[in-house]
Amino acid sequence: MFSVLVSGRCLASTVRRVVSPRTLSSSPVVRLPSKNEVVGFIGLGNMGAHMARNLLKKNYPVVAFDVSDQAVASVKESGATVGKSPADVAAKSKTIVTMLPSSPHVLEVYTGKEGIFSAVQPGSLLVDSSTIDPAVSREMDVVATAKGATYMDAPVSGGIVAARDALLTFMVGGKEAGFAKAKTLLENMGKNIVHCGPSGNGQAAKICNNMLLGISMIGTAETMNLGIKLGLNPKLLAKILNTSSGRCWSSELYNPCPGVVEGIPSSNNYEGGFGSALMAKDLGLAQNSATATQSPNPMGSLAHQIYRMLCNAGYARKDFASVYLFLQEELKKK
């Protein structure tokens, strides 16, 4: 067992505390979730709330928990029951989905005093759709297996609209038997469910994707700013980009220039969506992995620096497409 430091905490010591010789078990029995079975859902932010509602729409009973009373209330209105803590959710359900901001949050929800592992039932399926350090996912898998449960890392891509419309892509890491089990559940929240290999590989795929996304969003923002400065109409420029070789998701579906695409954060003062602080966090995860594997990534490193600057300039809670505004402001200072 290896040690990983996350926000000053040593994962190896956390695992030793949660796993005792008496909790060690053989491989968990795989059990496919049915629509009569209660699903626990922990983490009801911009993405998680939509995902939980989609389970409710598919007639899964949901017991939900979030530290935000407002977030819980919105899902309760859609038909969910409310858990008192992660441990309470674990006691009431053998299938649990977590959607949390970062590695420390996952550690607290799973291994804390009132965490999932304090009350997890043998045979439970634990699906973590947070984007975190792959090493943390691998350690959570160790603990889950020791307690007779199945843990799968299953981060998502597609953004808030895909979460709302059940069109997410899930990148899943874990055992083959666990994947078959998780896929039955995840198909109610997404359209592409991809097995990426053993535990932690879903996270590896996600941080690679988000590094490219951060780079491409900055490039799109720079391009839109330049084109407008050169006298091009923003919608015309976007149309040309999206029928040419510069086309990408950031230019076509999530264009950072206000008014180019309706119904997305850039056309709503960059409210909602995927926060810049979360993008900075994901780019930091990519940097950590690049350092650990000695992988050159100069563009990823620069993107990380830009998003850290963006957050320090007051855009942390704005959607990550607000890099478009940040670049405009930087230009005004010159």
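Biologist: What should I know before reading the values?

Modeller: This is a predicted model, where local features need pLDDT of at least 70, side-chain atom pairs count only at pLDDT 80 or more, and totals for chains, interfaces and linings use all residues. Residues are numbered from 1 along each chain as its sequence is written, and side-chain values use heavy atoms, with hydrogens and water left out.

Biologist: How many aromatic pairs does the structure hold?

Modeller: It holds 6. Rings of Phe, Tyr and Trp (its six-membered ring) pair if their centres lie within 6.5 Å; planes under 30 degrees apart are stacked, over 60 edge-to-face, the rest tilted.

Biologist: Why is the pair of Y254 and F320 called stacked?

Modeller: The ring centres of Y254 and F320 are 5.7 Å apart and the planes stand at 20 degrees, so the pair is stacked. This pair links distant parts of the chain, 66 residues apart. Y254 sits in the loop between α11 (249-252) and α12 (276-293), and F320 in the loop between α13 (298-315) and α14 (323-332). Helices are DSSP runs (H or I, at least four residues), numbered from the N terminus. Y254 and F320 are both buried. W249, Y254, F274 and F320 form one aromatic cluster.

Biologist: What makes Y315 and F326 an edge-to-face pair?

Modeller: Their ring centres lie 6.2 Å apart and their planes are at 80 degrees, so the pair is edge-to-face. Y315 is in helix α13 and F326 in helix α14, so the pair ties together parts 11 residues apart in sequence.

Biologist: How do you know whether Y315 is buried or exposed?

Modeller: Buried means under 20% relative accessible area, exposed over 50%, partly exposed in between (1.4 Å probe, protein chains only). Y315 has 15% relative accessibility, so it counts as buried. F326, at 4%, counts as buried too.

Biologist: What does the side chain of S276 reach?

Modeller: The backbone oxygen of Y315, at 3.4 Å. S276 lies in helix α12 and is buried, with a relative accessible area of 0%. Not counting residues up to four places away in sequence, S276 touches several residues, including Y307, Y315 and F320 (contact means heavy atoms within 4.5 Å).

Biologist: Why does Q294 count as exposed?

Modeller: Q294 has 73% relative accessibility, so it counts as exposed. Q294 is in the loop between α12 and α13. Its phi is positive, about 55 degrees, although Q294 is not a glycine.

Biologist: Where is N269 found?

Modeller: In the loop between α11 and α12. N269 has a positive phi of about 55 degrees and is not a glycine.

Key. Helix = DSSP H or I, 4+ residues; strand = E, 2+ residues; numbered from the N terminus. Polar contact = N/O pair within 3.5 Å; in protein donor to acceptor, adjacent residues only side chain to side chain.
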